[in-house]
Amino acid sequence: MSETSDTVVPRASVFAGLRLTWTAMIAGSILLFWLVLALFGPWIAPHGEAEIISGQTFAPLGEGGLLGTDKLGRDVLSRLIYGVRTTLLLALVTTVVSFAFGVTLGFAAAILKGWFDIVVSRIVEAFMAFPSTLLALVIIGAFGTSITVLVLTVGLVLSTSVFRVSRALGYDIGVMDFVEAARARGEGTWWILTREILPNCMAPLIAEFGLRFTFSILFLSGLSFLGLGIQEPAADWGLMVQENVGGLFLGSSAALIPAACIASLTVSMNLLVDWFQQRQQGETVLEKIDQ
Amino acid sequence: MLRIISTRLAQGLLTLLLASIIIFSATEILPGDVAEAILGQSRTEEALAALREEMGLNRPAIVRYFDWLGGMVQGDLGTSLATKRPVADMIENRMWNTLRLALLAAAISVPLSVALGLWSAMRAGGRVDKTLAMTTLALIAVPEFFIGLILMKVFAVELRWFSATANTRPYFDFSENFRALALPVATLSFAVLAHMMRMTRSSVINIFTSPYMEMAALKGLPKRRLVVRHALPNALSPILTVIALNLSYMVSGVIIVETIFGVPGLTRLLVDGVTLRDIPLIQACAMIFGAVYILLNLLADILSIMANPRLRYPK
């Protein structure tokens with residue numbers, strides 16, 4: 001496929017061309033807001049990440065800090081701002097890891113076919129015949145909790161679905177006429193993969209990336225909530241929920257605020273992916289998952 | 001039909017075997033071993049060697065695997081490293097708590113989500129469908145602990161209608177049990193409802209748009225007969241699969257719910273085992289969950305085959 005961007009698009013129609021819906025705009029702004037906070041957090045946060053600012057633990061909103069204090073008297077707002085960095089970065093790295101595993105093996109299986117495809121597909125099926133949370137718990141139980149183990153485990157668990165998507169895409173596009181034409185021209189495997197197959201897989205792969213990103217935020221924050229993810233004193237939203245659950249009975253919302261933030265992040269991401277997919281092929285994200 | 005079902009049974013058994021290999025190799029093929037985990041920091045080389053000898057860790061991994069698997073089959077789940085008690089005893093009195101939670105949540109969420117999915121599918125493109133689609137799309141991305149904590153904050157802390165801990169006692173009467181279990185069951189149902197509803201909707205819509213349904217509609221059959229006699233029998237097997245699939249989400253939901261509401265259940269035991277790195281306990285819990293999950297998937301398949309004659313003849 002040749003490039004399509006050789007025509008100059010006037011600036012005003014870029015947004016019109018995106019066909020933004022209301023939900024997509026709101027979801028996009030929320031994500032942008034968190035992204036800016038993640039980038040400039042340390043300069044915005046009023047206090048340090050683990051700095052104890054008040055003798056009063058579980059201070060209500062407005063006292064101590066703007067959003068109150070947590071179980072150790074730390075500023076909830078500051079920890080929230082530092083936490084978005086950890087949460088987003090870790091989810092991003094995990095998703096990249098899952099794509100590195102999944103896409104490489106998926107395309108390799110689609111192109112090499114034969115025994116390689118059979119062996120890898122069977123192994124992936126065996127992994128999928130087992131609830132993913134359980135698999136992650138078993139691996140973390142064996143290796144202990146560290147950020148490396150966490151990223152690799154969740155990345156591995158998520159890569160099974162990436163593998164299936166990219167293998168199916170590779171198979172579908174690998175038999176198309178323009179790929180045949182390239183082969184007939186005598187192009188090498190690498191050239192065909194990067195110049196013919198990959199550009200045509202971009203839209204579904206981007207959507208898959210968004211979905212896996214959402215899922216890894218949920219997965220990682222769930223693990224942190226169980227005390228098996230990020231460890232103190234680092235600030236992570238899932239961890240903040242776990243730390244402050246006890247405050248719920250004392251009228252503190254220190255556990256609810258980070259939980260709501262995670263929800264805002266994942267719901268926005270999901271809505272944005274849905275918008276992207278509908279724009280691409282008029283198919284909703286969940287119909288995609290549901291298949 | 002019998003032949004297909006027995007083939008399916010054999011496949012299930014094979015999957016279970018694969019799952020056991022995955023669990024065993026994930027927990028055993030490690031830089032350290034169980035002996036190091038027990039002795040911790042204060043280990044000496046002699047103590048390590050003695051313990052390895054005692055636990056039989058010097059044998060090759062494959063021998064230990066078959067030993068472990070043989071024990072599992074005979075109901076010997078090993079001994080916990082942390083408590084030194086047989087794992088089977090620890091699991092026995094906790095199993096019921098988890099099972100009750102899961103069964104109650106399934107009893108509520110399965111009929112509700114199938115009904116909502118059908119409703120949504122019958123009004124596809126309409127206002128009901130669009131509202132439900134948007135709500136479930138958002139609900140799917142909400143972490144389970146957020147739902148749990150909101151319910152707890154509103155109904156247990158503010159309104160005080162229900163109890164915040166799901167710790168039931170044998171002498172509890174019905175209303176006390178209800179107060180204790182309402183919130184965990186509601187959280188768990190919410191966690192699987194959205195997925196199940198959307199999957200039901202899409203599989204029913206798939207059938208609604210097939211040519212034979214169009215034919216039936218063009219014959220002028222009333223809508224009720226169309227849905228009940230023509231669509232439902234074919235929709236049954238995808239719906240059964242949907243239900244079985246969602247038990248996977250139920251597993252992660254149960255873990256979170258048991259933690260929030262302090263249910264002394266099986267997943268709590270598993271999480272504690274993971275925290276303490278109690279390998280035999282993790283292996284046993286994981287095998288039980290894996291077996292239940294695989295069994296339910298198998299059951300869904302067999303029921304589908306019985307419900308839909310077309311599945312009885314392999315292509």
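Guide: Buried means under 20% relative accessible area, exposed over 50%, and partly exposed in between, with a 1.4 Å probe and protein chains only. This is a predicted model: local features need pLDDT of at least 70, side-chain atom pairs count only at pLDDT 80 or more, and totals for chains, interfaces and linings use all residues. Side-chain values use heavy atoms, with hydrogens and water left out.

Visitor: Is Ile302(B) buried or exposed?
Guide: Ile302(B) sits in helix α12 (residues 279–307) of chain B. Helices here are DSSP runs (H or I, at least four residues), numbered from the N terminus. The relative accessible area of Ile302(B) is 15%, so Ile302(B) is buried.

Visitor: How many residue pairs are in polar contact between chain A and chain B?
Guide: A polar contact is a pair of N or O atoms within 3.5 Å; within protein, one must be able to donate a hydrogen and the other to accept it, and residues adjacent in sequence count only if both atoms are side-chain atoms. Both residues must be at pLDDT 80 or more. Between chain A and chain B the count is 2.

Visitor: Which helix gives the most to the side of chain A that touches chain B?
Guide: Helices that each supply at least two residues there include α4 (114–128), α8 (189–225) and α10 (256–281) of chain A. The top contributor gives 11 residues: α5(A).

Visitor: How much area do chain A and chain B bury between them?
Guide: Buried area is the accessible area (1.4 Å probe) that two parts lose on being put together, summed over both. Carbon and sulfur atoms carry 82% of it. The total is about 4,100 Å².

Visitor: Which side chain of opposite charge is nearest to Glu258(B)?
Guide: Glu258(B) belongs to helix α10 (residues 223–260) of chain B. Glu258(B) is buried yet has no salt bridge, meaning a side-chain nitrogen of Lys or Arg within 4 Å of a carboxyl oxygen of Asp or Glu. Lys and Arg count as positive, Asp and Glu as negative; His and the chain ends are not counted. At 6.3 Å, the nearest side chain of opposite charge is Arg94(B).

Visitor: Which side chain does a polar contact of 2.4 Å join to that of Glu258(B)?
Guide: Glu258(B) is in contact (heavy atoms within 4.5 Å) with residues including Thr98(B), Leu101(B) and Val263(B). The polar contact of 2.4 Å joins the side chain of Glu258(B) to that of Thr267(B).

Visitor: What is the phi of Lys113(A)?
Guide: Lys113(A) lies in the loop between α3 (76–112) and α4 of chain A. Most residues other than glycine have a negative phi. Lys113(A) is not a glycine, yet its phi is positive, about 50°.

Definitions and conventions
Residues numbered from 1 in each chain as written. Chains lettered and ligands numbered in written order. Lists of a residue's contacts leave out its neighbours within four places in sequence.
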